[in-house]
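Please take a look at the chain shown here.

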Amino acid sequence: MDELKRINQQFTRTYILYLVVFLLFGAVAITAGFLIQDSNLEFIVFLLLIIVLMVVSVFFKSYLDRIQNVSYLIRIMRNASGPLELNHMKEIPLFEAYARQKDFVLYSQAETFKVFYKAEKDHINRIRRRYILQVLVLLSPSEPIFFSDKADVEINKLNQELLKKKMKVSRMLVSQIKPVDELNESNKQALKEIVFYRSKRETISVINVALDKNTNKAVMLYSDTYSPSQYYKYHVDQLKTLI
């Protein structure tokens, strides 16, 4: 069966199951209202039903979000766009200077990575004016994968520091960038390990970018024709201006 079709069917089945559970809780509440004569006992039963329903709803909501986000990734892969010509990222030192011109600030650095960031007021959702945090993780060619545990720790620390400054981040766009000598199978597989998570409260987008020295191109898994949200489109558009 087609993977996307299977995911959609799974979402539909789970949603229907949630509706059935919700209706069962309603039926139990109505029946309890007729059968229980003691008002105190009736209140306790209703309170327990509400608490259980809230817990069940959180579970279903979380599970439905996971299914939905998997479908986003599948659609991005199926509508993937091609590599981009390197402009500002031809040389990392020059790119760092360009990133600073674009208001990115160096937050942390170690032997195998540097973390730049830019926090700006959310211009997409003007009702809940929180912050969009753009993060650039510049990885050393010696780093075996497009992920660094130490860099991840630094990003979490950055989030906490911004929160202390009353800058609540609800959208985080992370670009993990690494020069590669050749685009081997290991690198190609790592490029596919992107993240896109969206809920009502937050959005997290992670895109891995390989700077291929042989072709002078930036290779990444992204889509120009499909966008799961305006924040994903903004992430891709911002990356293009930086590349």
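Is Y117 buried or exposed? Y117 is buried, because its relative accessible area is 15%. Buried here means under 20% relative accessible area, exposed means over 50%, and partly exposed is in between (1.4 Å probe, protein chains only).

This is a predicted model, in which local features need pLDDT of at least 70 and side-chain atom pairs count only at pLDDT 80 or more, while totals for chains, interfaces and linings use all residues. Residues are numbered from 1 along each chain as its sequence is written, and side-chain values use heavy atoms, with hydrogens and water left out.

## Overall build

The chain holds 6 helices and 8 strands. Helices (H or I, at least four residues) and strands (E, at least two) are DSSP runs, numbered from the N terminus. Their order from the N terminus is α-α-β-α-β-β-β-α-β-α-β-β-β-α.

The radius of gyration of the chain is 23 Å, whereas a compact globule of 243 residues would be near 18 Å. That radius is taken over C-alpha atoms, and the globule rule is 2.2 Å times the number of residues to the power 0.38. The C-alpha trace spans about 80 × 50 × 30 Å along its principal axes.

Of the 243 residues, 42% count as buried. Contacts (heavy atoms within 4.5 Å) can be sorted by sequence distance. Among those between residues at least 6 apart in sequence, 69% join residues at least 24 apart.

The chain exposes about 14100 Å², and carbon and sulfur atoms supply 58% of this area. Areas come from the Shrake-Rupley method with a 1.4 Å probe; for residues, only the protein chains shown count as cover.

Charges come next. There are 34 positive and 25 negative side chains, and the centres of the two sets lie 6 Å apart. Lys and Arg count as positive and Asp and Glu as negative; His and the chain ends are not counted. Each charge is placed at NZ of Lys, CZ of Arg, CG of Asp or CD of Glu.

## Aromatic pairs

How many aromatic pairs does the structure hold? It holds 7. Rings of Phe, Tyr and Trp (its six-membered ring) pair if their centres lie within 6.5 Å; planes under 30 degrees apart count as stacked, over 60 as edge-to-face and the rest as tilted.

Y107 and Y117 form one of these pairs: their ring centres are 6.1 Å apart and their planes stand at 85 degrees, so the pair is edge-to-face. Y107 sits in strand β2 and Y117 in strand β3 (residues 113-121), so the pair ties together parts 10 residues apart in sequence.

F196 and Y232 also form an edge-to-face pair, at 5.8 Å centre to centre and 90 degrees between the planes. F196 belongs to strand β6 (residues 195-198) and Y232 to helix α6 (residues 230-242), so this pair ties together parts 36 residues apart in sequence. F196 is buried, with a relative accessible area of 3%. Y232 is buried too, at 2%.

Y18, F22, F59, F60 and Y63 form one aromatic cluster.

## Helices α1 and α2

I16 is in helix α1 (residues 3-35), and L19 is found in helix α1 as well. V56 is in helix α2 (residues 39-78). I16 is partly exposed, with a relative accessible area of 47%. L19 is partly exposed at 38%. V56 is partly exposed at 21%.

| Residues | Apart in sequence | C-alpha to C-alpha |
|---|---|---|
| V56 and Y18 | 38 residues | 8.6 Å |
| I16 and V137 | 121 residues | 41 Å |
| L19 and D103 | 84 residues | 48 Å |

Most residues other than glycine have a negative phi. Where does D103 lie? D103 lies in the loop between α3 (92-101) and β2 (105-109). Its phi is positive, at about 75 degrees, although D103 is not a glycine. D103 is exposed, with a relative accessible area of 56%.

N216 lies in the loop between β7 (203-212) and β8 (217-220). N216 has a phi near 60 degrees, a positive value in a residue other than glycine. N216 is partly exposed, with a relative accessible area of 30%.
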